[in-house]
Amino acid sequence: MNYLQDSDPVSNASTRKRGIPNPLAWIGAATLGLFSEIGQLAVFAARVKAAAFTPRWYVGQIWKQMVNIGFFSLPVVGMSAVFIGAALALNIYEGGSRYGAEQFVPSIVVLGITRELGATITGLMLAGRVSAGISAEIGAMRVTEQIDALESLSASPYRYLYAPRFLAALIALPLLVVVADVIGVMGGWLVSTQALGFDSTVYLRNTLDFVTRNDILTGLIKAVVFGGVIALMGCYQGDRSKAGATGVGRAATLSMVGAAVLVLATNYVMSTIFVEIGL
Amino acid sequence: MSTPILSLQNVEKRFGKNHVLRGVSLDVEPGQSLVVIGGSGSGKSVMLKNALGLMTPDSGNILFNGEDVTQSRGKSRARMRERVGMLFQSGALFDSLTVWENVAFRLINSGVVSRSKAKDHAIETLRKVRLGTEVADLYPAEISGGMQKRVSLARSIISKPDLIFFDEPTTGLDPITADAINDLIIEQVRGLGAAAVTITHDMSSARKVADEVAMLFEGKIIWRGKASEVDNSGNPYVDQFVHGRAEGPIQPAI
């Protein structure tokens with residue numbers, strides 16, 4: 001009896017503390033946490049940017065990352081682009097046929113690919129392949145003390161690890177987007193000519209006549225921004241990785257999700273700006 | 001009396017509510033081998049990382065050769081680190097680099113030595129830790145744990161530092177390999193005339209490599225004396241620790 005009486009206050013306190021969270025306290029803590037996270041990411045990004053655009057540059061490391069981020073992403077980007085281009089052509093044909101506007105398929109495919117889908121699909125694919133990969137690699141280095149060792153050997157992880165990945169992504173993403181644009185348009189061409197009855201020469205001429213330099217430029221500008229976002233999220237989450245397989249796994253997941261959301265969010269912001277300024 | 005090569009003065013470090021270092025004060029003389037013993041979670045590694053500048057203390061000062069390096073950054077910190085070597089508990093070899101590139105990392109990174117000369121120097125240093133040329137082009141994952149410790153030792157001594165930190169150098173090794181590592185540490189530290197700070201809870205290693213032993217308990221140095229005195233320190237904490245008894249003033253960390 002005494003035991004129960006004695007335990008009640010503890011139980012009640014425990015319920016108050018843990019069982020029913022105060023919603024205002026929860027919202028407050030979450031808001032503070034969000035601002036703290038944004039602040040830390042901003043400081044990290046500023047340090048990476050400073051290391052990336054001032055000497056000393058580790059050219060060998062940049063080249064190695066260019067190969068990893070750019071060359072080894074070609075298959076996944078190419079495959080994604082061809083299917084997106086093909087599906088886009090089918091859907092535009094289906095929608096256009098309701099208004100007798102099937103002839104606009106080449107124009108809308110090239111517009112959609114160059115201004116939007118080429119860059120976005122490349123960004124999303126690389127958020128998965130590259131950002132998570134960078135995060136896992138750097139996270140493993142963090143928890144095995146390799147980053148401490150780097151600093152103890154007078155090498156800055158910002159210059160040796162993060163800046164090369166950031167620069168490589170800034171350079172590789174636009175190149176990959178050019179490839180995605182070409183392959184995406186060819187995906188649309190393939191379906192249109194093989195399944196929808198378009199003439200090959202007419203399709204390609206319509207595509208080339210319609211696309212403008214600005215359409216391609218907007219996609220490339222987006223690609224540079226996506227490259228920065230993807231590399232930064234990978235490096236940031238990897239650098240903050242907690243010990244153990246769970247910590248590294250969580251860092252990889254957070255970087256992939258964070259990079260994907262930021263790719264889509266920055267894409268919308270940039271599209272709005274480009275429309276506003278008439279680009 | 002000469003200026004200590006390393007001096008920790010009332011160093012404190014907290015992680016949230018966890019008060020890890022509670023005013024650590026410690027001097028290391030040039031050429032001296034000091035071993036810091038203490039149980040798991042006593043703050044040994046944190047103390048070492050503060051001394052090396054991988055962490056910044058919340059309060060207190062760290063002096064290297066009389067110069068206050070507590071808050072130093074950039075070139076000033078880099079100058080200190082050029083004169084300090086560190087063997088990490090896990091070895092901390094870079095996975096993506098070969099053994100010789102790991103050993104010669106500091107030389108390559110400094111940019112003053114060509115890669116071919118750096119490789120020659122690395123192979124010569126590997127020989128000092130009894131590793132042959134055949135391991136030079138292997139990757140860390142391709143060699144055993146004992147060999148990784150030797151490679152890490154080679155990396156820490158290649159630039160002939162004035163002070164070397166050893167973080168649990170024999171952890172995870174069999175007794176024979178551990179003893180070989182201890183011999184190499186003594187040989188290389190004496191050969192260089194460097195000072196050494198070793199943290200360990202391996203008492204056979206401590207007895208072998210130490211000139212002096214200090215014990216860290218609950219974030220403070222509670223005893224310091226000659227290595228020969230450690231078994232008869234008269235301090236109940238040290239006695240319990242060196243004799244590995246569960247009963248005594250120190251509660252087991254379980």
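Modeller: Helices (H or I, at least four residues) and strands (E, at least two) are DSSP runs, numbered from the N terminus. With that, let's go to Glu168(B), which sits in the loop between strand E7 (163-167) and H7 of chain B. Bear in mind that this is a predicted model: local features need pLDDT of at least 70 and side-chain atom pairs pLDDT 80 or more, while totals for chains, interfaces and linings use all residues. Residues are numbered from 1 along each chain as written, with chains lettered from A and ligands numbered from 1 in written order.

Glu168(B) has a positive phi, near 45 degrees, although the residue is not a glycine. Most residues other than glycine have a negative phi. Glu168(B) also counts as buried, because 20 C-beta neighbours lie inside 10 Å; the cut-offs, with C-beta atoms placed from the backbone, are 20 or more others within 10 Å for buried, 12 or fewer for exposed, and partly exposed in between. Across chain B, 44% of the 254 residues are buried.

From H6(B), Gly146(B), Lys149(B), Arg150(B), Leu153(B) and Ile157(B) take part in the contact. Their partners in H7(B) are Thr177(B), Ile181(B), Leu184(B), Ile185(B), Gln188(B) and Leu192(B). Contact here is C-beta atoms, placed from the backbone, within 7 Å. By class, this contact has 6 nonpolar, 3 polar and 2 charged residues (nonpolar is Ala, Val, Leu, Ile, Met, Phe, Trp, Tyr, Cys and Pro; charged is Asp, Glu, Lys and Arg; the others, Gly among them, are polar).

To place this part in its chain: chain B holds 9 helices and 10 strands, and its C-alpha trace spans about 55 × 40 × 40 Å along the principal axes. Among its contacts with a separation of 6 or more, 64% link residues 24 or more positions apart.

Key. Two residues are in contact if their C-beta atoms, placed from the backbone, lie within 7 Å.
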